[in-house]
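Trainee: Could you take me through one part of this model at close range? I would like to follow how a single chain is built and how it meets its neighbours.

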Amino acid sequence: MNGILMHAPALVIALPLLAAFVTPILGRFNYKKISWFVSAVFGVTLLLTLLMAGQILTNGTIVYVFGGGEAGLALPSGYTFPIRIIFQIDAMGIFMALITAVISFLAAVYSISYMEDYSGVDKYYTLLLLLATSMFGMELTGDIFNFFVFFEISSISSVALISFRSTFNGEPAEAAIKYMVISSISALMVLFAIGLFYGQYGTLNMAAIASFMQFTKLDKMALILFLTMLAMKSGAVPMHMWTPDAYSEAPSAITVVLVATSQASLYALFRIIFSLYNVTLNTVTVGWILIILGVLSMFIGVTMAVIQKDIKRLMAYHSISQTGYMLLGVGVGLAVLANPAALASYGIKAMEGGIFHIINNALYKGLLFLTAGALFYRTGTRDLNKMGGLAHNMSYTTLFYIIGAAAIAGIPPFNGFASKLIIYESVYQFNPLLAIIAMLVSILTLASFVKIFHSAFLGPQLEQYKSVQEVPKSMVFAMAVLSIIIIFFGLFPNLIVKYIVHPAVMALINQSHYTSTILGGM
Amino acid sequence: MIGEMSRIVRTMTNIIFGFIVVFGFYVIAHGHLSPGGGFQGGAIVASAFALLLVTYGTEVIQQYIAKDLLSVIESTGLILFGSFGFLGISATYFYNIVANSGGLFGSPTVIGVNPGDLNTSGTIALMNIAVGLEVLAALGVIVLTMSAAAEIIQNKEKS
Amino acid sequence: MIGNFPFVAVIMLIALGMYSLMFKKNLIKIAIGLTLLEGGVNLFLITLGYRKGGVAPIYTMAPEGVKMVLPTPQALCLTSIVIGVATTALVLSIAMILYKQYGTIETDEIRRLRG
């Protein structure tokens, strides 16, 4: 037990990775059972992540060194510097890993029924496991080159998953090639920025880079590259053109994981800005850049969403708009980072709102995409004009859809309300106009989800959908678990903010703690 | 890639093919001593498959090289790689426990200039072999699949 | 001065790659652009580790008392090359699927997703 806890950071990566390659071999013997095997692996990973979370939130940061006892190497001159690949997991990293674990587990469970009729399911599960591994890697790692490797694995496996259905028609391949080009460019430019760091400081360890950081011209160049490329991967507005295509053409269970992937990129952006640069950069300027990106994403995302007719495309535009809330909250926190009084009075609160919104968005967006997948599973179409009256046949799906829609629109007893309220309150103190825009976007969000509800679920029962039944049990299970978590988060937001979100925010803000965990013992 | 190429090409391929494969395995086995390693060696072996495909055409080669077998080798190589990481789990994941312990690949490793003893480096050599198997199978599958698909497209254009 | 030539080559490769990614419509040319970009970044990494008069960092049969170049950027570069192979293979196979479904690989004709 103690050994498992000690090696949990490695096992979280190693288990899905090994399972990914066992799956195709297992598929030769028993093709039907691999879906259960994969769900079980994800279940174990979720348990490990929970164990780790318990340990980190009570005892503080875990450092796991791969391939040796010590992270550092002592030179003959007595100078020690970190050379090995390490996992440095603080409250923020484990916060993201929890999202990944929950979402990927539920996506696997949902896929048991959803992907039953497809061929090549063993490859689907291999790619899903690889995608989950890469997300864990991006979130847990303390080595910037290791981050790049996992970043590339995530883009390659998600591209293959997006184009999974392209044997039937061309659209998934079209979405996949857009995403592939975008993510290759962003990964290569991230590698270039890593080269800039390595050329100056001669190390790849993130804590060591942070302690050497001087904000020279080259660092500014690296910051610009990281900022644009990671914002592009997380789907912020000027670079959002891949998002609706990729989200709408991927199988629904994958769309849910893609949401988590783009949030992992967002996490990387925050990690680099806060832990690597922190107050050395001009926080007001960069903070306002994040705020402007956020406001643009919120507004353009929601206005584009209102006019869509494809249900998943509509939801994809909403996920752009929700990314805006996170950027807004964290941007306000960054803008006042160098100003302790303002940081204490509303900066930390704004960041709590932004970070809390990450987990809330993953939950309700996941639930909504899963309900869209359930509708597609039974009706075979994503066009809202062709649906109607489905509430008569699919009562559970309707209920889950109402919960998800209410949560994304920010209606009180659900979790969306909790994080949006924190963002409104704190942003209002920073700049009232921003809070008003955020509220306006929330109203438009509600309008477009009422539109889906009206055209897909309400109305008389249509002739062609007379025989439609409720979706199979595994899909209902996945949606039900998400709904329960959403309601729990909505009822006890103070608990979540206090025990999970606040430590994560402090881990981001407190740079010296991040660096001293690695370099302190040397 | 439809049909065979001329007799000259075929004869040369028959002679060179074996050498390329042996060279590929040489690069894999010496990965811990010289430039190269699992990926590079595997890519060299896979290039031999590509040569065969170009020379003899997809249909002939598919009778000799089974795509299923290659997929199994690919998964096996990757599972081996992951499992070798677990060998050192008593310390940490990927800890090189075989090095300097005697036995296969366990001879003491000389720090500094050395004549190059193949029997050193512990799990690194084993992992190179695992990666080599994986890469030769994976690139082989890619080459085979792409040539088969290219053939389908060519036939479609002709009709 | 001559030591900066590799960096000039890096800039040129990246600029050429970006040019073909932005202005070329053919998917094969886009794949070539990605490869050029990757080559530029890899050359940048390799150049970082170069030392004047250094030999390859391999101890087997190495000459005594000669400086070696820094091996870490070479390891990074190898990893990036391996990933680049996977990326290129994936782009080309998706291009193949697109050709099968749409009958063309010109991006301005592959436009069913819009709005």
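Mentor: Happy to! Let us look closely at chain C, which in this predicted model has three helices and zero strands. Reading from the N terminus, the order of elements is simply α-α-α.

Start with the overall form of chain C. For 115 residues, a compact globule would have a radius of gyration near 13 Å, but the value for chain C is 19 Å. The principal axes tell you more about that: the C-alpha trace of chain C spans about 65 × 30 × 20 Å along them. Burial is worth a look too, with 29% of the 115 residues of chain C counting as buried. As for the contacts within chain C between residues at least 6 apart in sequence, 51% of them join residues at least 24 apart.

Now turn to the partners. Where chain C meets chain A, the contact takes 28 residues from chain C and 28 residues from chain A. On the chain C side, the elements that give two or more residues are helix H2 (27-48) and helix H3 (71-102) of chain C. H3(C) provides the largest share of that side, with 14 residues.

Chain A has 20 helices and four strands. A compact globule of its 522 residues would have a radius of gyration near 24 Å, and chain A agrees with that, at 22 Å. Its C-alpha trace spans about 80 × 60 × 40 Å along the principal axes. Of the residues of chain A, 63% count as buried. Among the contacts in chain A with a separation of 6 or more, residues 24 or more positions apart account for 80%.

Strand E1 (residues 62-65) of chain A pairs with E4(A) in the antiparallel sense, over four bridges, and Val63(A) stands opposite Gln88(A) in E4(A). In a regular strand, side chains alternate between the two faces of the sheet. You can follow this along strand E4 (residues 86-89) of chain A: Ile86(A) and Gln88(A) point one way, Phe87(A) and Ile89(A) the other way, and all are buried.

For a contrasting spot, go to Ser467(A), in the loop between helix H17 (432-457) and helix H18 (473-491) of chain A. Ser467(A) is exposed because it has 7 other C-beta atoms within 10 Å, where 12 or fewer is the cut-off for exposed. The C-alpha atoms of Ser467(A) and Arg378(A) are separated by 9.7 Å, though these residues are 89 residues apart along the chain.

Finally, look at chain B through helix H4 (residues 67-87). At 1.5 Å a residue, its 21 residues should span 30 Å, and the end C-alpha atoms are 31 Å apart, which agrees. The buried residues of H4(B), including Leu70(B), Glu74(B), Leu78(B), Phe81(B) and Phe84(B), pack against helix H2 (8-29) of chain A together with helix H5 (123-158) of chain B.

Note on methods:
Residues are numbered from 1 along each chain as its sequence is written. Chains are lettered from A and ligands numbered from 1 in the order in which they are written. This is a predicted model: local features need pLDDT of at least 70, side-chain atom pairs count only at pLDDT 80 or more; totals for chains, interfaces and linings use all residues. A residue is buried if 20 or more other C-beta atoms lie within 10 Å of its own, exposed if 12 or fewer, and partly exposed in between; C-beta atoms are placed from the backbone. Two strands pair if DSSP finds at least two bridges between them. The radius of gyration is taken over C-alpha atoms; the globule rule is 2.2 Å times the number of residues to the power 0.38. Two residues are in contact if their C-beta atoms, placed from the backbone, lie within 7 Å. The expected span of a helix is 1.5 Å times one less than its number of residues.
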